[in-house]
Amino acid sequence: MTKVVVYINDQGNLAVLYPAYNDRARSGNETDDAFLERLIARKQADGGIPEGASYRIMDNSEVLGDRTFREAWE
């Protein structure tokens, strides 16, 4: 199960962060959940996820490929 991070960016648009779980810089003993938490912390620190923005970790299969109603998500 691949997890992604969904949040509202600075422009007020829905953004989906797709982690590169097979990144060569990733520690060999790091779990997927630990990697995802480290990535979220890094994105919050560098402004990729706006300060104070809430986010949701979701299964990739929940993210619709059709962008038609993506802005209707809450």
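Q: What makes S1 and S3 a pair, and over how many bridges?
A: Two strands pair if DSSP finds at least two bridges between them. Strand S1 (residues 3–8) and S3 have 5 bridges. They therefore pass the rule, and the sense is antiparallel. As background, strands of a sheet pair through backbone hydrogen bonds, parallel or antiparallel.

Q: What kind of model is this, and which features need pLDDT of at least 70?
A: This is a predicted model: local features need pLDDT of at least 70 and side-chain atom pairs count only at pLDDT 80 or more, while totals for chains, interfaces and linings use all residues. Residues are numbered from 1 along each chain as its sequence is written, and side-chain values use heavy atoms, with hydrogens and water left out.

Q: Which pattern does the chain follow, read along the sequence?
A: The pattern is β-β-α-β. The secondary structure comes to 1 helix and 3 strands. Both are DSSP runs, numbered from the N terminus: helices are H or I with at least four residues, strands E with at least two.

Q: Why do S2 and S3 count as standing at the edges?
A: The open sheet of 3 strands has the order S2-S1-S3, with antiparallel pairing. Strand S2 (14–17) and strand S3 (55–59) each have a single partner strand, so one side of each lacks a neighbour in the sheet. From one strand to the next, the twist averages 30°.

Q: Where does helix H1 lie, and at about what angle to S3 does it run?
A: Helix H1 (residues 32–45) lies across S1, S2 and S3. It runs at about 145° to S3. Axes are lines fitted to C-alpha atoms (for helices, over the stretch in contact), and angles run from 0 to 180 degrees between N-to-C directions.

Q: Why is Phe35 called buried?
A: Buried means under 20% relative accessible area, exposed over 50%, partly exposed in between (1.4 Å probe, protein chains only). Phe35 has 7% relative accessibility, so it is buried. Tyr21, at 19%, also counts as buried. Of the 74 residues of the chain, 31% count as buried.

Q: Which residues form the largest nonpolar core?
A: A nonpolar core is a set of buried Ala, Val, Leu, Ile, Met, Phe, Trp, Tyr and Cys residues joined through side-chain atoms within 4.5 Å. The largest has 11 residues: Val5, Tyr7, Ala15, Leu17, Tyr21, Phe35, Leu36, Leu39, Ile40, Ile49 and Ala53. H1 gives the largest share, 4 residues. Apart from this core lies another, of 6 residues, among them Val4, Val6, Leu14 and Met58.

Q: What does Ile40 touch, not counting residues up to four places away in sequence?
A: Contact means heavy atoms within 4.5 Å. By that rule Ile40 touches Val5, Ile49, Tyr55 and Ile57.

Q: Why is the pair of Tyr21 and Phe35 called tilted?
A: Rings of Phe, Tyr and Trp (its six-membered ring) pair if their centres lie within 6.5 Å; planes under 30 degrees apart are stacked, over 60 edge-to-face, the rest tilted. Here the centres are 5.8 Å apart and the planes stand at 55°, so the pair is tilted. The count comes to 1 aromatic pair. Tyr21 is in the loop between S2 and H1 and Phe35 in helix H1, so the pair ties together parts 14 residues apart in sequence.

Q: Why is Arg26 called buried?
A: Arg26 has a relative accessible area of 15%, so it is buried. Its place is the loop between S2 and H1. It touches Tyr21, Thr31, Asp32, Phe35 and Arg38, leaving out residues up to four places away in sequence.

Q: Which side chain has a polar atom 2.8 Å from the backbone oxygen of Glu30?
A: That of Arg26.

Q: What makes Gly48 partly exposed?
A: Its relative accessibility is 28%, so Gly48 counts as partly exposed. Gly48 sits in the loop between H1 and S3. Neighbours within four places aside, it contacts Tyr7 and Lys43.

Q: Why is Asn60 called partly exposed?
A: Its relative accessible area is 30%, so Asn60 is partly exposed. Asn60 lies in the segment after S3. Beyond four places in sequence, it is in contact with Thr2, Lys3, Val4 and Tyr18. Asn60 and Val4 are 56 residues apart in sequence, yet 5.7 Å apart in space, C-alpha to C-alpha.

Key. A polar contact is a pair of N or O atoms within 3.5 Å; within protein, one must be able to donate a hydrogen and the other to accept it, and residues adjacent in sequence count only if both atoms are side-chain atoms.
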